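Please look through the structure below before reading the briefing. The notes that follow are grouped by topic.

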Amino acid sequence: MKLVERVEQKTLLKRILTECAAGKGAVVLLDGPGGSGKTELLHQAAEDAARSGALVLRASCSRAERALPFGVLGQLLYTVPADSGPGVRLQLLHQRLTAKATAATTATTAPTPAPAQPVSATATATVSDTAAAATGIGPELALLLNQVAEAVLELAEPDDDSDVDTPMVFIGIDNLRHADPHSLDCLLYLARRTGSARVTLVLTDDAVAPAGRSQFRTELLDQPHTRRIALAPLAEEQVAELLAGHLGDREEAGRLAGEFRACSGGNLLLLRALVEDHEASGGVRREGYGRAVLRQLGRLDAPVVAVARALTVLGGDNAERLSRLAGVDAGTAESALRILESVGLLDGAVLRHDIARQAVLDDLPAHERDALRRSAAALMYEQGCPAQDIALLLTEVERPDGDWSVDVLLEAAEQELLAGRTDRAVAALEAALRAGPETGRAAIEARLVQVRRLFDPATAEHHLTALTAAAHAGSLEPSHTVDLIRQLLWQGRAVEAGPLLERLRETRLEPHSEVAALLDDTEHWLAWTHPTLARRTHRPATGTEQRRPTGTRQSAPWSRPTALLADALVNGRAHESVGQAHQVLKDRGAGYDITWPEEPALLALGVLLCTDSPDAAAWCDRLLRENHVPYSPTWMGLLSATRAEAALRVGDLTGAVEHAQQALNHISPNAWGVAVGGPLGSLVLATARMGHFDEAGAYLTRAVPKPMFDTRYGLHYLHARGQYHLATGHHHAALADFLACGDRMRAWGIDVPGIVPWRTSAAEAWLELGNREQAARLAYDQLGRPGTSGARARAAALRVLAVSGPATRRPQMLSEALDLYERCGDRYEQIRVLADLATAYHEVGDNRRARTHVRRARHLVALCGAVPLSDSLLSFPDDPEEPSGNPRDAGLLTDSERRVAALAVGGYTNREIAAKLFITPSTVEQHLTRVYRKLGIRRRKDLPVELSTGTAEAVVPQEA
């Protein structure tokens with residue numbers, strides 16, 4: 001890469017060489033931070049001098065040779081042609097200088113100083129003792145240095161026996177900061193004598209001189225023929241020029257210049273690495289930019305490198321802490337920061353790029369890296385820094401040490417959870433687990449499992465075996481054991497959860513203790529969700545019972561509302577708990593513990609679904625929109641699964657599929673454990689009702705955990721599979737699935753219609769098999785069950801009884817069933833009942849009513865996408881004589897009345913219409929009353945279906 005950005009400096013060097021050829025010598029100090037291009041300028045100047053016929057002497061200083069006396073001078077002298085007189089003499093002088101310097105060093109370190117060597121008369125005449133003392137060397141060495149300078153100058157003198165013009169000598173020394181002191185003394189001798197000789201001495205040095213070299217720089221720059229060429233880091237305009245010259249595209253160069261300047265600080269070494277990275281991958285790479293950072297750092301002294309390493313873990317906000325970690329004094333630390341900034345590695349008090357930070361850390365051996373982080377964490381702890389900041393260091397250590405580190409990590413984990421940074425909380429708990437003593441490991445691991453479950457339950461499973469062993473050994477607190485039981489059940493490990501549960505039941509607990517209350521609440525939850533493990537005899541949960549001691553903090557805020565709602569669902573009293581369910585949903589927030597935050601809310605939504613509450617879907621949507629802290633994919637997945645079930649209950653098949661798929665996308669199917677039956681069941685049922693039988697069958701081929709069928713989630717899956725078999729004509733398989741649901745629900749003591757309607761579903765299978773008597777028996781049994789006062793269960797039973805009975809009785813029962821389904825807002829079931837009504841009216845000869853119900857059914861089919869039902873309605877052809885277009889007297893309706901009527905035709909309940917139009921339910925009733933009067937009808941079902949055209953379809957359901 002050409003130095004297009006150093007054109008001015010190159011021109012100046014060429015002019016100096018030209019003047020030297022004319023007999024005007026010069027000393028040039030290329031002064032700039034590392035990576036500023038001074039070495040390349042020196043190389044190009046040497047090449048220019050060589051092309052002009054100059055004798056070029058080169059040397060490069062190295063940190064490793066700094067202690068070698070006259071090491072740099074030796075590099076210069078041995079590049080002089082040995083066949084010349086001055087060359088031979090210079091090599092001999094170097095040997096003598098080295099021997100004298102070694103002897104002087106030995107004499108200095110010896111116990112008894114050696115006697116001073118006599119000084120010759122020539123030496124005395126040339127260099128005074130005072131001058132020798134000023135330079136810090138002995139008289140004899142001073143004499144030799146003077147002879148070296150004279151021999152070098154002789155190289156630039158003309159040879160009387162030669163016809164060649166007077167030669168020019170170019171001396172280039174790179175990286176002067178690492179030159180040995182003896183060579184520096186010789187350079188000063190030479191620099192004083194080059195002003196009138198054809199000699200150019202070019203030196204490269206850092207702008208920030210290390211301690212002990214300021215006197216050399218001062219004396220060098222005091223020479224009248226010395227020129228200092230300062231090389232500053234490149235500005236953004238110069239970076240753009242460099243990029244344009246290399247990339248050949250000025251527009252792209254201008255676009256990249258700011259970013260490249262920010263990453264490199266104008267350092268040429270870093271800039272070139274960035275260009276290579278850009279060409280290779282379009283970004284910053286560890287192999288390019290990171291390696292260049294290490295190269296730049298390798299050029300610096302050990303204290304500066306130590307400060308850079310300390311910066312990678314601490315930053316530079318606290319100078320005192322930084323100097324202590326680096327093991328240097330405050331002044332050295334400040335100087336190191338200036339050097340690091342001058343070479344482009346720092347932007348303020350931090351490294352310019354995270355790759356730079358990582359490269360510096362990775363360059364350390366693992367044990368040194370851990371030791372650095374541990375020391376930094378201890379310093380921060382000593383100075384009272386926030387736990388989260390200290391934990392960021394401890395989590396990177398293989399094994400944190402000290403009890404204080406465990407306390408800090410546990411505190412940081414809780415604070416990170418409150419801030420919504422679950423990944424950091426997990427990292428802190430994992431570090432605490434690595435550092436914690438054996439006696440406290442179980443509690444830490446239990447908390448880690450709780451947190452892991454928030455975003456990926458599958459990652460929590462590998463901890464469960466160790467926790468189970470700890471629980472059996474008595475190392476786990478009872479509250480953590482209850483949580484472990486829940487975790488095991490989620491993963492389908494009921495065989496391991498059962499003995500733990502029995503162990504807790506057999507433990508003698510104080511009747512009013514927190515643990516006893518928690519265990520009792522858990523029994524109610526088990527009865528609803530995992531009934532095979534539930535204790536068959538337990539007291540009903542009551543909201544007024546004083547079960548916790550006054551003033552004692554609840555260890556599980558979710559347990560009480562969970563128990564109350566689960567008990568209401570198990571005993572078929574969901575309708576009595578609607579108010580409490582709403583209160584639980586309103587109160588849900590930061591007050592809930594993270595262990596099982598979804599349980600109360602999910603059960604509250606279950607109560608609303610079981611009671612066909614019209615705002616169940618709206619509550620799901622509201623919770624899905626909330627900014628949950630901490631964010632939990634598990635919670636979002638469970639919410640989406642519940643939302644899919646809510647969509648199914650109102651006949652929104654497309655919405656059910658969408659929400660169920662979102663549920664499985666939030667967390668992987670494997671992570672769902674036994675709860676996978678919920679979203680999978682919704683997908684199977686919705687796609688089967690839409691006529692996508694291949695898709696539904698594919699969902700059924702997915703592997704599910706066998707223990708799922710011993711849970712409530714298994715009931716939903718079995719019922720959905722039965723509906724699929726029923727829709728595809730496999731009636732015996734469908735009947736087997738429905739009866740299997742019934743057997744389980746009766747055996748578990750949760751035979752309530754709010755879970756799955758197995759009786760009416762089995763009755764439909766019997767009807768398909770031609771056994772009307774058995775179907776009617778199941779329908780009557782359903783009507784006699786507790787809790788069947790709900791609209792949905794009664795409507796399903798009435799429809800079965802109507803279809804299985806004589807045609808003359810069907811319209812009455814089907815009309816009642818239609819009213820009930822309209823109250824529930826279930827469009828899918830309304831279509832089925834409307835189709836049955838059309839068939840019934842057709843059989844009794846009332847074709848006008850039959851066609852009216854068919855048109856209405858077809859309209860609802862378009863809303864919910866039930867293709868098989870649409871196909872069945874094709875058997876009812878339209879009557880060409882039937883008037884079409886606007887309904888009779890529809891022009892008498894006001895706009896507001898037409899909107900209400902259109903939504904009513906679309907199957908929306910009064911409450912849903914009120915929410916969509918932002919009016920009260922009583923206003924809806926008043927509008928409908930006026931509509932009935934104007935149209936000359938008496939009931940909602942008599943509303944002309946044409947009223948909904950262009951209106952109901954355009955209205956998107958509002959969320960309450």
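Asp 612 sits in the loop between α30 and α31 (616–625) of this predicted model. Its phi is positive, about 55°, although Asp 612 is not a glycine. Most residues other than glycine have a negative phi.

**Residues with positive phi**

- Asp 612 comes after helix α30.
- Asp 612 has a relative accessible area of 16%, which is under the 20% cut-off, so Asp 612 is buried.
- Phe 918 also has a positive phi, of about 60°, and is not a glycine.
- The loop that holds Phe 918 runs between α46 (910–917) and α47 (921–935).
- Phe 918 is exposed because its relative accessible area of 64% is over the 50% cut-off.

**Helix α30**

- Helix α30 covers residues 598–610, which makes 13 residues.
- Of the 13 residues in α30, 12 are buried, so the helix is largely enclosed by the rest of the structure.
- The buried residues of α30 include Pro 600, Leu 603, Gly 606 and Leu 609.

**Glu 598**

- Glu 598 is part of helix α30.
- With a relative accessible area of 2%, Glu 598 is buried.
- Leaving out residues up to four places away in sequence, Glu 598 touches Arg 453, Trp 635 and Leu 638.
- Thr 634 is 36 residues from Glu 598 along the chain, and the C-alpha atoms of the two are separated by 9.0 Å.

**Helices α35 and α36**

- Two packed helices are described by the angle between their axes and the distance between the axes.
- The axes of α35 (residues 693–700) and α36 (residues 712–727) come within 11 Å and cross at roughly 145°.
- This crossing of α35 and α36 is left-handed.
- On the α35 side the contact is made by Phe 693, Ala 696, Gly 697 and Leu 700, and on the α36 side by Tyr 717, Arg 721, Tyr 724 and Ala 727.
- Sorted by class, the contact between α35 and α36 has six nonpolar residues, one polar and one charged.

**Confidence**

- The chain has a mean pLDDT of 83, and 86% of its residues reach 70 or more.
- Over residues 112–135 pLDDT stays under 50, and the model has 21 contacts beyond four places in sequence for them.
- Residues 544–555 also stay under 50, with 22 contacts beyond four places in sequence.
- Where pLDDT is low, the predicted coordinates should not be read in detail.

Definitions and conventions:
Residues are numbered from 1 along each chain as its sequence is written. This is a predicted model: local features need pLDDT of at least 70, side-chain atom pairs count only at pLDDT 80 or more; totals for chains, interfaces and linings use all residues. Side-chain values use heavy atoms; hydrogens and water are left out. pLDDT is the predictor's confidence in each residue, from 0 to 100. Contact means heavy atoms within 4.5 Å. Helices (H or I, at least four residues) and strands (E, at least two) are DSSP runs, numbered from the N terminus. The expected span of a helix is 1.5 Å times one less than its number of residues. Buried means under 20% relative accessible area, exposed over 50%, partly exposed in between (1.4 Å probe, protein chains only). Axes are lines fitted to C-alpha atoms, for helices over the stretch in contact, and angles run from 0 to 180 degrees between N-to-C directions. A crossing is left-handed if the near helix is turned anticlockwise from the far one by less than a right angle, and right-handed if clockwise. Ala, Val, Leu, Ile, Met, Phe, Trp, Tyr, Cys and Pro count as nonpolar, Asp, Glu, Lys and Arg as charged, and the others, Gly among them, as polar.
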